[in-house]
Amino acid sequence: MTIKAILSLAAFGLVLPGLPATAQTELPADDSLREAALDLFAPIPQQMDQIPRPERDPTPITAEKIDLGRSLFFDPRMSVSGLISCQTCHNVGIGGVDGLPTSVGHGWQKGPRNAPTMLNAIFNIAQFWDGRAPDLAEQAKGPVQAGVEMSNTPDHLVATLKSMDGYVEMFSAAYPGDNDPINFDNFADAIEQFEATLVTPNSAFDRFLEGDNDAMNEQEKRGLQAFMDTGCVACHAGVNMGGQDYYAFGVVARPGAEVLPEGDKGRFTVTDTVDDEYVFRAAPLRNIALTAPYFHSGQVWDLREAVQIMSSSQIGTELEEGQVEEIVAFLRTLTGDQPQIVHPILPVRGDDTPVPAPM
């Protein structure tokens, strides 16, 4: 079966047949392998100077908004407790995640789903596992207001920001045309601007795509070929190796409740459509070696096990051990240069800055 045929089946929601799994994948010449890969994937850009918008002109990125967004991202005072920041659950030092099955929020509550990485999230079609936020700005508004996360309100957050002279100056510089620049929309917009810069170029896979035959070893190249041959690309293609569409978890065989909790029906909670029960946005695979535990439930810690679960539940293939090792080796080539972010010195609280609420 060709890659084009596999993608066509996935587009119509059809079950993929079991494909033959061999102990060692047949490896074509580098140029042929690269040509096939470039039909499906693209390298991560070296840097971002604008935010892509699917149905309108891209949004320019400015230094003033990036600086403001960085401060907001790291500032725990954006939570009502003064303890939880965006960085808490999306730690840029450990792959943009928190390394927990599900995040711990206000009142030490555990969230319902694993925190996705914010690295390269700018390339996703939508944000959150169920795609309920169309972009990163809308996503930034969610955790702030969620009682299980930062437990704040827009009015309280804006009052907090306006009480600090440093933020008054930063918002005025970032949004000079606004009569009242400190508002919830600009707060979210600035965070989006900063998060758009959190890209990870120069992975071994990207260097191979760009013509460096020595960037990947033979096992990794076999893994790339197996990744394409077995149908993984049906859900995990594009620049972010996923994040571009929604798929049922368990196309061929539904995993057990420990991996796919029965109470979490995925995109159904957004669309209220029966066909969207247990449907989730395909996870982006960039930096996947850094972002365990895996899946929206956060119950799988081993990348090999995750590959085996996906192969059996999504494409109906029981991979042999050698092929699993090849695909895992390839997935490890997706780790790019990690963002080097200097923790900002945050504005000093003012006389009217609200005091933290008890956790």
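Me: Where is the place of Lys-65?

Reply: This is a predicted model, in which local features need pLDDT of at least 70 and side-chain atom pairs count only at pLDDT 80 or more, while totals for chains, interfaces and linings use all residues. Residues are numbered from 1 along each chain as its sequence is written, and side-chain values use heavy atoms, with hydrogens and water left out. Helices are DSSP runs of H or I with at least four residues and strands are runs of E with at least two, numbered from the N terminus. On that basis the place of Lys-65 is in helix H3.

Me: Is Lys-65 buried or exposed?

Reply: Buried means under 20% relative accessible area, exposed means over 50%, and partly exposed lies in between (1.4 Å probe, protein chains only). Contact means heavy atoms within 4.5 Å, and Lys-65 touches Ala-174, Tyr-175, Asp-189, Ala-190 and Gln-193, not counting residues up to four places away in sequence. Because its relative accessibility is 15%, Lys-65 counts as buried.

Me: Which residues does Leu-161 touch, not counting residues up to four places away in sequence?

Reply: In soluble globular proteins, nonpolar side chains tend to be buried together. With residues up to four places away in sequence not counted, Leu-161 touches Leu-72, Met-78, Tyr-167, Val-168, Phe-171, Ile-182 and Phe-187.

Me: How many disulfides does a search of the whole structure find?

Reply: A disulfide is a pair of cysteine sulfur atoms within 2.5 Å. The sulfur of Cys-86 has its closest cysteine sulfur in Cys-89, and because they are 8.8 Å apart this is too far for a bond. Cys-86 counts as buried at 13% relative accessibility, and Cys-89 counts as buried at 12%. The number of disulfides found in the whole structure is 0.

Me: Is Leu-303 buried or exposed?

Reply: Leu-303 is found in helix H12 (residues 303–314). Leaving aside neighbours within four places in sequence, Leu-303 is in contact with Ile-288, Tyr-294, Val-328 and Leu-331. Because its relative accessibility is 6%, Leu-303 counts as buried.

Me: What is the peptide bond from Ala-292 to Pro-293?

Reply: Most residues other than glycine have a negative phi, and most peptide bonds are trans. Pro-293 is found in the loop between strand S4 (279–281) and H12. With omega near 5°, the peptide bond from Ala-292 to Pro-293 is cis.

Me: What is the phi of Trp-108?

Reply: Trp-108 is found in the loop between helix H4 (86–89) and helix H5 (136–145), and Trp-108 is exposed, with a relative accessible area of 58%. Although Trp-108 is not a glycine, its phi is positive, at about 60°.

Me: Is Ser-151 buried or partly exposed?

Reply: Ser-151 is found in the loop between H5 and H6, and has a positive phi of about 55° although it is not a glycine. Because its relative accessible area is 25%, Ser-151 is partly exposed.
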